[in-house]
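Dear colleague,

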Amino acid sequence: MALVDAQQARRVLDRLVGYQISPILWRSVKPGLSAGRVQSVAVRLICEREAEIEAFKSEEYWTLTATLTPTEVQHLFPAKLHRIGKKKGEINNYGFRIDEARAKELAADAKTQAYLVEKVQKRERKQKPVPPFITSTLQQEASRKLRFVAKRTMFIAQQLYEGLEIGSEGSIGLITYMRTDSTRVAQEALQAARAYIKTTFGEEYLPNRAVNYQTKKGAQDAHEAIRPTLPLQSPADLKPYLSNDQFRLYELIWMRFIASQMNPAIFDGTTIDIQAGTYLFRSTGSVMKFQGFRRVYMEDGEDVNLPDVKEGDTLNLRKLEPKQHFTQPPPRYNEATLVKMLEAKEIGRPSTYASILSTIQDRGYVTKERGRLLPTDVGRLVNELLKHGFPNIVDVEFTAKMEDQLDVIADGKVKWVETLGQFYPAFQTALKEAPDRMYEARKAMEEQSDEKCEKCGTNMIIKWGRYGRFLGCANYPECQNIKRLTSAVGIDCPEPDCDGYLGERRSRRGKVFYGCSNYPKCEFSTWDKPVPEPCPKCNAPFLVEKTEKAKGSEVVTTRLACRTSECDYTK
């Protein structure tokens with residue numbers, strides 16, 4: 001009953017938040033919006049990451065990489081400049097904070113030096129297999145390896161769970177329940193997996209006993225890990241009965257489960273330090289000695305294969321390149337990395353992640369560009385209003401602590417009514433104060449622009465409305481002139497006798513399109529994103545970016561094409 005009480009508390013809490021905050025957003029922004037205890041935090045994480053990217057200032061740095069080979073054999077390998085003299089000096093976490101002239105000076109000097117092996121360090125390294133899937137890790141790996149969005153992953157997993165017609169055997173459920181936070185596995189499944197490994201790969205791949213993985217603290221542990229119901233049925237056996245997407249997901253689940261019961265992979269890790277005058281170059285790599293679980297479930301990434309050298313050996317320098325780099329901002333979230341972040345911060349439950357990702361995109365808070373999640377203007381506005389109106393509700397730490405409180409209820413240590421009784425008074429106060437706080441937040445978001453109002457000559461202000469940002473006269477309400485705010489793409493309008501430029505705009509439903517800045521005088525528009533690159537075939541002034549989704553799949557492909565229908569150029 002404690003578990004039932006915890007679920008009751010979660011449902012009541014989510015409805016208190018969603019049903020009472022959403023109407024305030026309808027009045028403050030536009031109808032149809034929603035707030036949620038977890039979805040609003042997810043939007044905040046995306047908005048904060050975008051703010052980090054916009055505030056990021058790139059720094060120049062240089063690396064010097066030598067291509068070397070032993071004198072006795074021809075085995076080319078790279079080594080990167082690690083230190084100059086006894087101290088790292090100009091080096092930072094990325095490379096050397098120097099300009100091009102200094103980089104070329106160092107390279108020219110380093111080319112004149114003799115390269116000697118100063119130290120060789122070798123150590124054996126084991127890579128253990130990862131646990132079988134839980135909901136969140138399945139969504140992450142399906143995104144990374146299969147390019148499935150979370151919603152698609154759960155849809156296909158549901159089909160595999162409910163059952164498919166497998167020849168004369170009839171309908172069979174191929175995987176265990178796919179909404180779970182537990183890595184626990186039934187003993188009969190472990191024994192079946194071990195039997196398969198022993199028969200197929202041999203004794204050396206089989207641990208002395210079955211591997212049991214510890215379920216993380218706070219997990220509900222109501223269901224097993226996601227695994228094949230019949231481990232002895234390999235994906236190849238079932239392929240004739242599955243669609244392509246079903247097969248790929250089943251194969252991923254099957255391989256992960258079988259690999260989780262195999263011995264670790266073993267590597268010889270090697271680090272070679274090379275002295276060249278005052279310069280120290282370093283090369284790291286490894287050689288696989290035993291495949292272990294990687295024979296079934298291969299992780300990404302390859303190691304540099306290094307030659308067998310000894311201290312004091314002379315190396316021949318074949319090439320030395322200084323290379324310019326710039327520090328990069330943190331990457332935008334994709335669905336997999338957002339799920340990983342929510343899980344790491346203990347926000348929400350694995351079973352809700354797919355619906356959260358769908359909701360924040362369906363509401364127009366977030367859009368997806370090349371697989372990455374970007375906040376829309378409406379998403380930014382709603383996030384700012386909620387941060388000021390309900391600071392606790394969209395606070396990451398507060399939301400994580402509330403999850404802890406729900407776990408305490410599940411442990412039977414506190415009554416669920418008591419927990420909600422502590423939450424509700426402060427929430428009621430916030431509901432009363434929120435409209436005024438939201439109004440102040442919206443005013444604070446306004447920015448002065450250089451554009452003059454054509455009706456009264458006053459500078460216009462960038463304001464935030466139901467469809468995002470727009471220009472409004474500073475003399476409002478005396479002057480009620482408003483204009484669309486377009487963001488330049490940097491491309492001239494292709495219409496003859498038009499001096500406008502193409503800018504990003506949004507339809508009434510929030511969908512992005514690209515239109516002329518002279519609208520309504522010029523009505524040119526396109527749904528495809530213009531790219532400032534002339535067509536090499538017909539010399540059209542720009543190309544367009546076309547995105548296409550394969551039928552029955554969530555895989556999105558992007559290509560560049562000529563903007564004119566008469567030309568068939570594409571790449």
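**Cysteines**

C493 is buried, having a relative accessible area of 7%; buried means under 20% relative accessible area, exposed over 50% and partly exposed in between, with a 1.4 Å probe and protein chains only. Please note that this is a predicted model, in which local features need pLDDT of at least 70 and side-chain atom pairs count only at pLDDT 80 or more, while totals for chains, interfaces and linings use all residues. Residues are numbered from 1 along each chain as its sequence is written, and side-chain values use heavy atoms, with hydrogens and water left out.

The structure holds zero disulfides, a disulfide being a pair of cysteine sulfur atoms within 2.5 Å. C493 is accordingly in no disulfide, and the nearest cysteine sulfur, that of C522, is 3.7 Å away. For C567, the closest cysteine sulfur is in C535, at 3.8 Å, which is too far for a bond. C567 also counts as buried, at 13% relative accessibility.

**Helix pairs**

Helices (H or I, at least four residues) and strands (E, at least two) are DSSP runs, numbered from the N terminus. Axes are lines fitted to C-alpha atoms, for helices over the stretch in contact, and angles run from 0 to 180 degrees between N-to-C directions.

The axes of helix 4 (residues 135–146) and helix 5 (residues 150–162) come within 9 Å and cross at roughly 115°. Helix 4 contributes T135, L138, Q139 and A142 to the contact, and helix 5 contributes A150, T153, M154 and A157, where contact means heavy atoms within 4.5 Å.

For helix 9 (residues 335–344) and helix 10 (residues 353–362), the axes come within 11 Å and cross at roughly 120°. Helix 9 is therefore oblique to helix 10. Their contact involves E335, L338, V339, L342 and E343 of helix 9, together with Y353, L357, I360 and Q361 of helix 10.

**A loop residue**

Y519 lies in the loop between strand 17 (512–516) and strand 18 (525–526). Its relative accessible area of 44% makes Y519 partly exposed. The C-alpha atoms of Y519 and G500 are separated by 8.8 Å, the two residues being 19 residues apart along the chain.

With kind regards

Conventions
Angles under 35 degrees count as roughly parallel, over 145 as roughly antiparallel, 65 to 115 as roughly perpendicular and the rest as oblique.
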